[in-house]
Amino acid sequence: MTTEIAVRTDEPEPSGTGLTNAKLAMWAFLASECLLFGAFISTFLLYRRRSEGLTPRDVYNIPFTSATSFILLMSSLTMVLALAAIQRGDHRRLRVWLIATCLFGLTFVAGQVFEFTEFYREGLKLSTNLFGSSFFVLTGIHGAHVTVGIIWLLSLWGLSSQGRLTKLDSEKVEIAGLYWHFVDVVWIVIFTVVYLIPQ
Amino acid sequence: MTSVSDAVVLPSAEPSLLRRPRATTGFWSWFTTVDHKKIGILYGATALLFLCLGGIEALLIRTQLAQPDGTVLTAAQYNIAFTMHGTTMVFLMGMPLAVAFGNYLVPLQIGARDVAFPRINMLGYWIFLFGGIFIYSSIFLGGAPNGGWFGYTPLTSSPISAGVLPGRGADFWAVGIVMLGIGSVTSALNFIVTILNCRAPGMTLMRMPIFTWMMLVTAFLTLFAMPPVTAALTMVFFDRNFGTTFFDAVKGADPLLYQHLFWLFGHPEVYILILPGMGIVSEVLPVFSRKPIFGYQVVVFSGIAIGFLGWGVWAHHMFATGLGPAALTAFGLSTMLIAIPTGVKIFNWLGTVWGGSVRFSAAMLFCLGFIAQFTIGGLSGVLHAVVPSDTQQTDTYFVIAHFHYVLFGGLLFAMVGGIFYWFPKMTGRLMDEKLGKWTFWTMVLGFNLTFFPMHIVGLEGMPRRTYRYGSGLGWDVPNMIETVGAYVLSIAVLLFVVNLIVSFRRGQPSGDDPWDARTLEWTTPNPVPEYNFAEVPVVASRDEAWHRKYTEDAEGHLVRLPRGGADSGTAVATEPVSGKGAPPAEQGGGGGGGHGIHMPSPSYYPMILGAGILAFAYAAIYHSLLLCTVGAIVVLFAVYAWMLEPGTEPA
Ligand code: HEM
Ligand SMILES: [Cu+2]
């Protein structure tokens, strides 16, 4: 009852839940990740009012972050299109959409790097105050998740370019997609809680 | 990334970077195996080694405390001793030993040929082993952990430069626990998917053996308990190394946040430790009482109830921190509530033994010892739940007495009983019963000598985590008794280890089913073939193996069925066991079974990936970009190679 995909058939592996092993594992893993982000987000909320010195209002550039957030959200759309493409067997479009997703993701990460440097220049460092500590660690860990996602999608793109990703492998794209959407949803929460809700 | 790795697999047998290991026997096969049974044994052997290390640390503690004003250890050494003792016993002994049983038994109990993710399974082992080595390596690399297994802030989180906790110990500890947490989560994912997805036909959830049930609950607890502590330790690490102020009260931080996050993990953790033990007891008692478990559903549901309630009680570890009356009341009540499903189980076990034809084998004795001692620990736990009384007890030896009655008297007794019980399945030999009974009585004696007097000195206010006490407080005699007890205990552990080694070499051959047992693992031949079941069993009832052996006549008397399955009787399985008609004694692959079953192939990459993660851990300690790059390259290499090699090589 292993993932014996070496035997390439369309027959589903035996499954007590109706989900394949890999997909079930991904869902469970994401459930676990919820608590990780939950812990960091709670920390940020707890410390919002206790922080002294520089406040979010002093450093935030909401229009800019809104723009990069929008771009990240768009990447979920292209991710859906990528999955639809491989399910149709349209490998050229799969690669186009994968690359588009990666580019959107990269834009977001680049925006974050830019934002971090701006904040730093305005005097907000990890060690400045509780706001600095909890902000950088929370958003940094999210950024790391996006980066992992980008590497993952690029790998799928590479496999596909070598013709190693067939229609039967659509689940691999689907699982990467689950992860990607999750990271996006987490960002919606972070953006709302960390940026939008007023002090 | 983990789950894609087993999913992305290619058809062609193209030359991979490393030639695929082929050996499934011999010394080197243990490094690359993906067989859940071998991985289980690796976990078990490693956990027993760490048990010995943790035991030596405990002996150091007790030798220091044997007399007032002890001089064996300095205060600093004492801090290291109890920190490493607690860390070892919880993360390197308790959890892995449960995973060892789970690995070996879960697939066999649910009629599967392997776990859902064999390579991820092995990855979990390597992370555990490397994590343990990492934490212990701190002793040679600038100071061992010394902030307690709970690592309270701001003690542990004060910046390295402040020198509050000398040495890099707290960093090794924080990074090491995060690493072990990653390993535990991978193994939890594997258990969840295996148990939910890979059950044999007919093995419905409510037919699963209780041990498998408890492993499922444990896996969910692990999955959700590790993230909060990972977050907390990340913050500790950043506070120490990168100048964040998460726990710096001067900057307005709340150091109690750490305690909340830690115990949000820590309390479920104690159930992660004890539930597998409860599962083992629930397997052993019925077999040696020749009765089915009393109230199967109740045992299962109280296990699930514990799994849920366990999330609502964490602040009972913080009763003395000034939470305010509302929180104190709520957490006091929820803690009393959780005692109910626990108490219910005790009655289930008693009901199982009651009126049975009991055989007092060593395995049975240890499980009965579990019930008695665990009950005592549970009762002192309920005393802790009463807030005013806990204010007197917290941070005293009374707490030490409590959690050793549940962890040692409970968990470890159950695990030892489990080893006596399943040793024949793992090795084909029986453990020595006589020596086993000696071990049991020595252990009961040593255990109670060590930990019972702690109740008394604890109530008298003897503080824990303190390296010496003055004479004339009336604590001299009880402490001496405790230390003598600890040495008696170490004799018991020694007897057990001797028994393991001698029985492994020269034990009596056991046959396939020496205990006349009830669950599927005992229908496999000894030694269990790599593929477990030549034919995937079709399960028709709870206690499947039993119903394949026995039926009832008109008057309700047990009647043994002819071997090889029968064609009559409603409770009898429709499909015979491996090897149709072959007597179970026939060795592996009887009845032509086993041919053409492709098992997952061994692999180097779990080990390499584990090594990459280890490099990251050291990189974090030394802030070394070089090590970090090395780690990244190794991890990427391992992940890609893993993705490109098929789970199972084409024959
Ligand atoms: C040889 C048998 C053992 C002896 C003699 C022993 C002795 C002790 C003592 C004296 C302490 C108190 C240290 C202090 O706070 O001053 C302690 C703490 C502890 N023990 Fe044990 N122990 C034994 C086995 C175990 C086992 C099997 C487990 C777990 C499954 C365990 C888990 C713990 C934990 C978690 C602590 C708390 C550590 C801390 O507060 O930092 N012990 N032990
Ligand atoms: Cu607790």
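## Pro341(B) and its surroundings

Beyond the neighbours within four places in sequence, Pro341(B) is in contact (heavy atoms within 4.5 Å) with Ser302(B), Ala305(B), Ile306(B) and Leu309(B). The model is predicted: local features need pLDDT of at least 70, side-chain atom pairs count only at pLDDT 80 or more, and totals for chains, interfaces and linings use all residues. Residues are numbered from 1 along each chain as its sequence is written, chains are lettered from A and ligands numbered from 1 in the order in which they are written, and side-chain values use heavy atoms, with hydrogens and water left out.

Pro341(B) belongs to helix H10 of chain B; helices (H or I, at least four residues) and strands (E, at least two) are DSSP runs, numbered from the N terminus. With a relative accessibility of 8%, Pro341(B) counts as buried, a class that means under 20% relative accessible area, with exposed over 50% and partly exposed in between (1.4 Å probe, protein chains only). A distance of 16 Å separates the C-alpha atoms of Pro341(B) and Thr218(B), which are 123 residues apart along the chain.

## The iron site

The iron atom of ligand 1 has His85(B) (NE2) and His404(B) (NE2) as protein donors, at 1.9 to 2.2 Å. These two residues join distant parts of the chain, since His85(B) lies in helix H4 and His404(B) in helix H13 of chain B, 319 residues apart. Donors are N, O and S atoms within 2.8 Å of the metal (3.2 Å for Na, K and Ca); water is not among the atoms, so sites may look incomplete. The site of the iron atom is octahedral, with six donor atoms and angles of 86 to 179 degrees among them; for six donors this term requires opposite donors over 155 degrees apart and all others between 65 and 115. Ideal angles for six octahedral donors are 90 or 180 degrees. Both His85(B) and His404(B) are buried.

Ligand 1 is surrounded by 26 residues, each with a heavy atom within 4 Å of the molecule. Helices H3, H4, H13, H14 and H15 of chain B each supply at least two residues of this shell.

| Residue | Distance to an oxygen atom of ligand 1 |
|---|---|
| Tyr78(B) | 2.5 Å |
| Tyr397(B) | 3.2 Å |
| Arg464(B) | 2.3 Å |

## His402(B)

His402(B) is also found in helix H13 of chain B and is buried, with a relative accessible area of 18%. The side chains of His402(B) and Ser380(B) make a polar contact at 3.5 Å; within protein, one atom must be able to donate a hydrogen and the other to accept it, and residues adjacent in sequence count only if both atoms are side-chain atoms.

Because His267(B) lies in helix H8 of chain B and His316(B) in the loop between helices H9 and H10, the pair ties together parts 49 residues apart in sequence. His267(B) is buried at 5% relative accessibility, and His316(B) is buried at 14%.

Definitions and conventions. Four donors count as tetrahedral if all angles lie between 85 and 135 degrees; four count as square planar and six as octahedral if opposite donors are over 155 degrees apart and all others between 65 and 115; anything else is irregular.
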